[in-house]
Amino acid sequence: MSAPTLPDLSGHFGRYGGRFVPEALVRALDELDAAYRSAKTDPVFQAEFESLLVNYAGTPSLLYRAERLSERLGAEILLKREDLNHTGAHKVRNVLGQALLAKRMGKPRVIAETGAGQHGVASATAAALLDLECVVYMGEMDTERQALNVARMRMLGATVVPVTNGSRTLKDALNEALRDWVASVDTTHYLLGTAAGPHPFPEIVRDFVGGIGIEARAQCLAQLGRLPDVVAACVGGGSNAIGIFHAFVPDESVQLYGFEAGGEGVATGRHAASITGGSSGVLHGARTYVLQDSDGQTVESHSISAGLDYPGVGPEHAWLHDTGRAEYEPVTDDEAMAAFQLLCLTEGIIPAIESAHALAGAARIVPQLRAELGRTPTILVNLSGRGDKDVHTAGAYFGILDPVEAIVPGENA
Amino acid sequence: MSIAEVFHKAKAEDRAVLVGCMPAGFPTVDDSIASMIAMHEAGCDVIEVELPYSDPVMDGPVIQRASDIALSRGVRTRDTLRIIDAVASAGATVVLMTYWNPIEKYGVNAFARDLAAAGATGMITPDLIPDEAAEWIAAADEHRLDRTFLVSPSSTDERLAMTVAHCRGFVYATALMGVTGARTSVSSQAPELVDRVRHTNPDMPVGVGLGVGTGAQAAEVAGFADGVIVGSALIRCVLEAPDRATGLSRLRALSAELAEGVRNPAKAR
């Protein structure tokens, strides 16, 4: 169980990961790998990254003991407040790291894929800050559903390209970003949004967001004098989860729980739970768990949370699942929304619907943990993002939108 | 005829091989069989059957659209094998081009067995590099199938040599950095890439793909490559035709034009 030494040199986590890409991209991936190796051990790069994280993104994020929520759930709940970062989610860590890497490689242009627009906004932010040209591919369905985020990206100087192929959602945006990259590798860095895709992306993204777990572990020791019993996170592509898990993998007393988007229920087929409702396959450059039919064609995912609505998952999660080091369970839309509401009302925090999946899962496992441990369990939940972007979705779900003026853009920003 | 024989024969005739690509099941299983047989009869030396896939990252809009149509009508992996069987039985030399996941899902060895039984000579794998291909390499050996991996202008000399060493039959040179789709001019990177492949192995036939759409372009590519691979332009004949008969006649006409092109290579360099 030596996760810190994985992936191996060819990018494998056991049988997962690797590179299932056109040969045209191999040199770019090799260059990225080499640039990352040298940056990793370069104190100047690391200091620059650290300085941006602290002075620009606002990390380390708080570790907050949620008193009223803890009372309600019968467990000690600690929230890692990634929602307080600049741009409102853990994703800022990854984009700052990769944008710095793009600069280091001398590439003046970055491209990104985005689903709901969060990674697109984060990428546009980092590109503006570091003076890079930025093109964001976004499924046409999503540009229509998330017009506000499209406007945000444009305000930050990015070009948003609506993707009209296939299902016109995140997976098609990713395909289109890969197609752009095949034709533009000389000048362009692909700023991948999650800890998935071909090697070395899963490792790079994990390391850039790995500060979440490193900070949280130190904060637990400082604030409680001990480690939590459980670390819980939502899993779509899996970057926030791997970011908080990784520092805890060697701590055998700490259980790791990843909560996937169960949509309308895994049994209905309308979900985005790649590990608990999918099977081993190859998608977007890596071997991992994939939602697919019996012919290996990708099946469309469904989730109320756009950020989890993806038919694959990072390869390290596939490996953590198979080795038993982490547990993965689905959380339905309804369970997530109940947890969303609970956090709003008990703590005055509107979480991202993504993060609400982690809260719902944590709430669900409290009874079994109490029985197992014979005491009140301590659960560290990664509150990976804030819910401002989800006000419209949640408002519609709870039926609390004013019927005439369904949404006032200014109030959602 | 094996791929090696096709390339030998063409060399003896002092011309290049014409490889024509068509997605299986586009727009229907029977129509795709008719299209492929028409291409074969009109002068395509090799029929490259593309297995439709939901996420074809190497393909441009034309092949994507054709694949989507085939998939939306419910084409299955087994249908692709049946199509190969029908086209090979009509006397064509058939190779399969496929993204990797459908093969992994089917079972690599079982698929290689069934592909060989259907009469295909081998497989082109656009998103499988030799580094990840141990299982396929073993299965291809066991079932005597050719392996075609891709090389790119961005491949280092080291990778080029490694990739060519794992190919059998022919190597697929992607002529420019980009996805499939006919272009108005043939890339200048292509002749250089072909030279680099020949430098690592002078006996390995090199097919050049991505961008060829006319007889004149085919002649230009035939001036420096052993094979000319055409996809999108042929597919467009069917995609844009008002009816099936028109599609087939346009397909025959373009195949014949391309076949003429590979017989009159332009000594471009």
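How many bridges join strand S7 (residues 171-174) of chain B to S8(B), and in which sense do the two strands run, parallel or antiparallel? In this predicted model, 4 bridges join S7(B) to S8(B), and the strands run parallel. Strands here are DSSP runs (E) of at least two residues and helices are DSSP runs (H or I) of at least four residues, both numbered from the N terminus; two strands pair if DSSP finds at least two bridges between them.

Residues are numbered from 1 along each chain as its sequence is written, and chains are lettered from A and ligands numbered from 1 in the order in which they are written. Because the model is predicted, local features need pLDDT of at least 70 and side-chain atom pairs count only at pLDDT 80 or more, whereas totals for chains, interfaces and linings use all residues.

The sheet of chain B is open and holds 9 strands in the order S5-S4-S3-S2-S1-S9-S8-S7-S6, with parallel pairing. Its edge strands are S5 (146-148) and S6, each of which pairs on one side only. Strand S8 (residues 206-209) of chain B directs B:Val206 and B:Val208 one way and B:Gly207 and B:Gly209 the other way, and all of these residues are buried. A residue is classed as buried if 20 or more other C-beta atoms lie within 10 Å of its own, as exposed if 12 or fewer do, and as partly exposed in between, with C-beta atoms placed from the backbone. B:Val208 in S8(B) stands opposite B:Ala173. In strand S9 (residues 227-230) of chain B, the bridge partner of B:Val208 is B:Val228; S8(B) and S9(B) pair in the parallel sense over 2 bridges. From S8(B) the chain crosses through helix H10 (residues 215-222) of chain B to S9(B), in a right-handed β-α-β crossover. Right-handed denotes a path from the first strand over the helix to the second that runs clockwise when the strands point away from the viewer. Elsewhere in the sheet, 3 bridges pair strand S3 (residues 93-97) with strand S4 (residues 122-124) of chain B in the parallel sense, and B:Leu96 has B:Met123 in S4(B) as its bridge partner.

The secondary structure of chain B amounts to 12 helices and 9 strands. Its C-alpha trace spans about 45 × 40 × 30 Å along the principal axes, and 58% of its 269 residues are buried.

Chain A comprises 17 helices and 14 strands. The C-alpha trace of chain A spans about 55 × 55 × 50 Å along its principal axes, and buried residues make up 62% of its 413 residues. For 413 residues a compact globule would have a radius of gyration near 22 Å, and the 20 Å of chain A agrees with this.

The domain assignment of chain A gives domain 1 (20-54 + 91-205) and domain 2 (58-88 + 208-412), with bounds from an automatic or database domain assignment. The centres of the two domains of chain A, taken over C-alpha atoms, are separated by 23 Å. Their contact takes 31 residues from domain 1 and 33 residues from domain 2 of chain A, where two residues are in contact if their C-beta atoms, placed from the backbone, lie within 7 Å. On the side of domain 1 of chain A that touches domain 2, the largest share, 6 residues, comes from H4(A).

Between the chains, 34 residues of chain B are in contact with 27 residues of chain A. H5(B) gives the most to the side of chain B that touches chain A, with 5 residues. That side of chain B divides into 14 nonpolar, 11 polar and 9 charged residues; Ala, Val, Leu, Ile, Met, Phe, Trp, Tyr, Cys and Pro count as nonpolar, Asp, Glu, Lys and Arg as charged, and the others, Gly among them, as polar.

Most residues other than glycine have a negative phi, and most peptide bonds are trans. The peptide bond from A:His199 to A:Pro200 is cis, with omega near 10°. A:His284 has a positive phi of about 50° and, with 28 C-beta neighbours inside 10 Å, counts as buried.

How values were computed:
Rg over C-alpha atoms; globule rule 2.2 N^0.38 Å.
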